[in-house]
Structure formats: C-alpha cells, structure tokens
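Colleague: Hi! Could you walk me through this one? Please start with the terms you rely on.

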Amino acid sequence: MKIQVVNKGHQPLPAYATEQSAGMDLRANISNPIVLKPMERRLIPTGLHIALPAGYEAQVRPRSGLALKKGITVLNAPGTIDADYRGEVGVVLINLSQEDFVVNDGERIAQMVVARHEKADFIEVEVLDETERGEGGYGHTGV
C-alpha cells in the first residue's frame, strides 16, 4: 500500500524496523527538549501529514520499551487517524512514572499501525438474539 505523506519536519519518514513489524516508529519533531513531569501530558508533534486510502485508519500506539522502562505511554491509545484527516500527526504522551522524562528531538515516541476498518450501519431493534454469554460483563468468567 502506498500512503502519501508531507513531511513538514526534519525527521525521517516512518519505516518498519523489521520485515514482520506491524508498526512504524513515530519520532518527535521539536526544536527544544520537552520535559514531562510525573502525570503530565503533552501533544508531541511529528511534522507528518498523511493521506490514508478510504477504508483505512492509522492507529497511534505506545512503544513497549518506553512504557516498561520509563512509564511513558500514549494517553488515548490507540489514537485514531482517519483517512480524511490532513492535519499534523501528533502524539499525546503522558508520564505515568514518578520521575521527569525528557522528550528529545528525533526520539521514537510511539508507533503507528495502518489498519483496514469497516463501516457499520446501526439498525434499531426491540430485542437481540440470545447467546450463551448473554449480559455477562466485566469479570463474569471468574479469575
């Protein structure tokens, strides 16, 4: 799949790290380091503007290493970039650790996964079909 991108920043375009990687790293495109205090959240620019084909979205997800080692994650994970959005791709980072975290220019801050999606039409009905699970919700199957 080919995706058009305008790079208004100075970082390289996202690329897959390995042949079977699902996500591409997104990099911070900033002129000065950004300090994230504990529990602070910030929108980090990437400089990228993309044009996805209809029927696709880009999901912005946390990087596992940053989450485990530093307590840094994407707040609205996964963030969704719709096919008709043409603004800059930004990453909402939050610092869940108890120490300051410095975001530096060019740092890999998130990953982006391109995924196909379906459109749904809701049809209002009076009753739903019965299933074995029924209305069993959170934790209904036990430990």
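Modeller: Happy to. I call a residue buried under 20% relative accessible area, exposed over 50%, and partly exposed in between, with a 1.4 Å probe and protein chains only. This is a predicted model, where local features need pLDDT of at least 70, side-chain atom pairs count only at pLDDT 80 or more, and totals for chains, interfaces and linings use all residues. Residues are numbered from 1 along each chain as its sequence is written, and side-chain values use heavy atoms, leaving out hydrogens and water.

Colleague: Okay, what share of the 143 residues is buried?

Modeller: Buried residues account for 32% of the chain.

Colleague: And which secondary structure elements are there?

Modeller: The chain has one helix and 10 strands, in the sequence pattern β-β-β-β-β-α-β-β-β-β-β. These are DSSP runs numbered from the N terminus: H or I over at least four residues for helices, E over at least two for strands.

Colleague: In what order do the strands of the open sheet sit?

Modeller: The order is S1-S4-S8-S6, with antiparallel pairing. The edges are S1 (4-7) and S6 (72-74), each pairing on one side only. Two strands count as paired if DSSP finds at least two bridges between them.

Colleague: How many bridges join S4 and S8?

Modeller: Six, between residues 41-51 of S4 and 88-95 of S8. His-49 stands opposite Glu-88 of S8 there. S8 also pairs with S6, over three bridges, and Asn-95 in S8 is the bridge partner of Ile-72.

Colleague: Switching topic: which residues touch the most other members of the largest nonpolar core?

Modeller: Ile-44, Ile-81, Val-91, Leu-93, Val-103 and Ile-109, out of 25 residues in that core. Elements giving two or more residues to this core include S4, S8, strand S9 (101-103) and strand S10 (108-116). Such a core is a set of buried Ala, Val, Leu, Ile, Met, Phe, Trp, Tyr and Cys residues joined through side-chain atoms within 4.5 Å. In soluble globular proteins, nonpolar side chains tend to be buried together.

Colleague: What is Val-103 in contact with?

Modeller: Leaving aside neighbours within four places in sequence, Val-103 is in contact with Ala-28, Ile-30, Pro-33, Ile-34, Leu-36, Ile-44, Leu-93 and Ile-109. Contact means heavy atoms within 4.5 Å.

Colleague: Last one: what is the radius of gyration?

Modeller: The chain has 19 Å, whereas a compact globule of 143 residues would be near 15 Å. That radius is taken over C-alpha atoms, and the globule rule is 2.2 Å times the number of residues to the power 0.38. The C-alpha atoms fill a box of roughly 55 × 40 × 30 Å along the principal axes.
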